[in-house]
Amino acid sequence: MKQTLLELMRMSRICRMVLATCLGSFILVIFYFQSMFQPVMRRNTLTSDMCCRKGSRNALQELYSPTQLEFSSSAILHQVRRDQVAESCRAHSASSRKRRVLTPGDLKHLVVDEEHELIYCYVPKVACTNWKRVMMVLTGRGKYSDPMEIPSNEAHVPSNLKYLNQYSIAEINHRLKSYLKFLFVREPFERLVSAYRNKFTLKYNSSFHRRFGTKIVRRYRKNATQEALLNGADVKFQEFAEYLVDPATQRDGPLNEHWQTVYQLCHPCHIHYDLVGKYETLEEDANYVLRLTGVGESLRFPTYAKSTRTTDTMTAQFFNNISSQQQAQVYQLYKLDFLMFNYSMPSYLRLD
């Protein structure tokens, strides 16, 4: 009798195990079929209502697994650019003994768009005003529709956009992992000369003249006039170059963002950027980002002909006015930007 009772209890346990196994298998089958149909449902949502992006494929997914043929060639181009950055970072890491961990303070240039799951690292003198305008349209929930209707000074008001350093560590890590991260770069010396021309040769930038110009004149100009010492409004490019490469400048702290390297502003060796756009192909690359985001039909990146834009020829004229030693020193300062973003050493440099 006892033996029979034990046998019945054992069979009961077996039956419960079989039932649990069957139930678990049934649930897995449901999830399997749900996962098969879910992408179709998501694409239908994106097509029918572009304003409601939650649940649709985000820009990151579209970049790495494009569903449209037009994206395929661009995806290859940007893979090449990512590989170039990664290779330069590996070479730099192997030759440098410096190791550091990013802090939230290092993330103040990264603009976050929650709705479209984008992170944009802005680089001054690389169309960053127009990109900030576009980001205000994307994040404004209908408040703005035309980027060029936003005044340039309003685009640079910090409170009009949200930055990655405003989040907690966990929130930062989540966004760096799941959002599409992009930046735009420019030939380093063209960007440098553009910054110099804008900040030191235009009268309305008196705040830069007082903050940096007076210091540069005091340090590097012999027999400076009292007016130049007070106003700092006539800094020569040779003096500016001397200021950049002076070890004392490095000891003063980080360079101003307008002439700081992209390497230091956006930390591409610590943050994996999914897309590297270039100033030289600005319209094409910018609108590619917007198409990936799903707003390409309703929002185009603003473009306009600007006759005062700094060109390669103009940059060569400025560099021809400084010594070969200064040229070599300035090149060393920006060398990593040249290598990382595949810009050739300028032919006008005299590095002998």
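I began with charges over rings. The charged end of Lys132 sits over the ring of Tyr122, at 3.7 Å from the ring centre. For this I required NZ of Lys or CZ of Arg within 6 Å of the ring centre and within 35 degrees of the ring normal. I also found the charged end of Arg186 over the ring of Tyr279, 4.1 Å from its centre.

I note that the model is predicted, with local features needing pLDDT of at least 70, side-chain atom pairs counting only at pLDDT 80 or more, and totals for chains, interfaces and linings using all residues. Residues are numbered from 1 along each chain as its sequence is written, and side-chain values use heavy atoms, without hydrogens and water.

Next I looked up ring pairs, and the structure holds 27 aromatic pairs. Rings of Phe, Tyr and Trp (its six-membered ring) pair if their centres lie within 6.5 Å; planes under 30 degrees apart are stacked, over 60 edge-to-face, the rest tilted.

One of the pairs is Phe189 with Tyr331, edge-to-face, at 6.5 Å centre to centre and 80 degrees between the planes. Phe189 lies in helix H7 (residues 188–200) and Tyr331 in helix H15 (residues 324–340), so this pair ties together parts 142 residues apart in sequence. Helices are DSSP runs (H or I, at least four residues), numbered from the N terminus. Phe189 counts as buried because its relative accessibility is 0%; buried means under 20% relative accessible area with a 1.4 Å probe, protein chains only. Tyr331, at 7%, is buried as well.

I then checked Phe237 and Phe318: the centres are 5.5 Å apart and the planes at 65 degrees, so the pair is edge-to-face. Phe237 is in helix H10 (residues 237–245) and Phe318 in helix H14 (residues 312–319), 81 residues apart. Both Phe237 and Phe318 are buried.

Notes
Helices (H or I, at least four residues) and strands (E, at least two) are DSSP runs, numbered from the N terminus. Buried means under 20% relative accessible area, exposed over 50%, partly exposed in between (1.4 Å probe, protein chains only).
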